[in-house]
Amino acid sequence: KKVFGFIGAGGTLGGVAGSLLTSNLVDVIGGPTNMLFVTAFFLEVAVQAMIRATKDYVEPERPQAKDRPNALSGIGAIFRSPYLLGICCYLFFYAFTSSLLWFQKQDIVKAFIPDREPRGQFFADINTYINVLTLVIQLFLTSRLLPLLGLGVGLALVPVVTFGGFIALAQSPTLFVIGAFEVARSTCNYAISRPS
């Protein structure tokens, strides 16, 4: 609970850098399609870094299990454990509402910003806000909030924000509302719910 925020901050720094890079390059190189080349380049850099970082790694010996698991053995474990079933339901509903939000976001942003390059910049700016807020919360608040609020409240935060965000979006489907909803939901997810 005390160090997870700092561990997650490393990934968030990468997200901040990527969002800022996208926001600044989308006008220069000409849109989301051309940004795929930038993405491919940095993916290759990451692969090469992993190859170099793990070149001396040796897989430890593991004792052989009596029963070898198969593709379906995990499903039985889920239905035997209320804890695992709860995690799976939580993740299912998060993915389901994320899909709904994604489609709404695409339609609303396209209605307000018809050109692709400014849309790409808008999405990059939203990601920058998400990553900067997440980084600040991970570094300074996560380790204090989780013990104070408890894991239950930490896990309930995203569903509450999601419910409120969809109500706000139904009342006012504007760029500001979709942006604020996306920032609040994703920041709560990455900074509080995932550590929970």
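This report describes selected features of a predicted model.

Local features need pLDDT of at least 70, side-chain atom pairs count only at pLDDT 80 or more, and totals for chains, interfaces and linings use all residues. Residues are numbered from 1 along each chain as its sequence is written, and side-chain values use heavy atoms, without hydrogens and water.

**The core**

The largest nonpolar core has 13 residues. Such a core is a set of buried Ala, Val, Leu, Ile, Met, Phe, Trp, Tyr and Cys residues joined through side-chain atoms within 4.5 Å. Buried means under 20% relative accessible area, exposed over 50%, and partly exposed in between (1.4 Å probe, protein chains only). Leu101, Val109, Phe122, Ile126, Leu169 and Ile178 touch the most other members. Helices H4, H5 (116-140) and H8 each supply at least two residues of this core. Helices here are DSSP runs (H or I, at least four residues), numbered from the N terminus.

Ile113 sits in the loop between H4 and H5. Ile113 is buried, at 14% relative accessible area. The table gives contacts (heavy atoms within 4.5 Å), not counting residues up to four places away in sequence.

| Residue | Touches |
|---|---|
| Val109 | Arg119, Phe122, Phe123, Leu175, Ile178 |
| Ile113 | Pro118, Arg119, Phe122, Leu175 |

**The salt bridge**

A search of the whole structure finds one salt bridge. The term means a side-chain nitrogen of Lys or Arg within 4 Å of a carboxyl oxygen of Asp or Glu. Glu182 pairs with Lys105, and their closest N and O atoms are 3.6 Å apart. The pair links distant parts of the chain: Glu182 lies in H8 (residues 175-193), Lys105 in H4 (residues 82-112), 77 residues apart. Both Glu182 and Lys105 are buried.

**Helix H6**

In H6 (residues 142-149), Thr142, Ser143 and Leu146 are buried. They lie on the same side of H6 because they cover an arc of only 95 degrees around the axis, taken from the directions from the helix axis to the C-beta atoms. Arg144 and Leu148, on the other side of H6, are exposed. Just after H6, Gly150 takes a positive phi of about 95 degrees.

**A surface patch**

Leu21, Phe41, Phe42 and Val45 make a nonpolar surface patch of about 360 Å². Patch residues have over 30% relative accessible area and no salt bridge, and nonpolar side chains are joined within 5 Å. Areas come from the Shrake-Rupley method with a 1.4 Å probe. Helix H2 (residues 32-53) gives the largest share of the patch, three residues. Phe42 is found in H2 and is partly exposed, with a relative accessible area of 43%.

Terms used: Patch = residues over 30% accessible without salt bridge, like charges linked within 9 Å, V, L, I, M, F, W, Y side chains within 5 Å.
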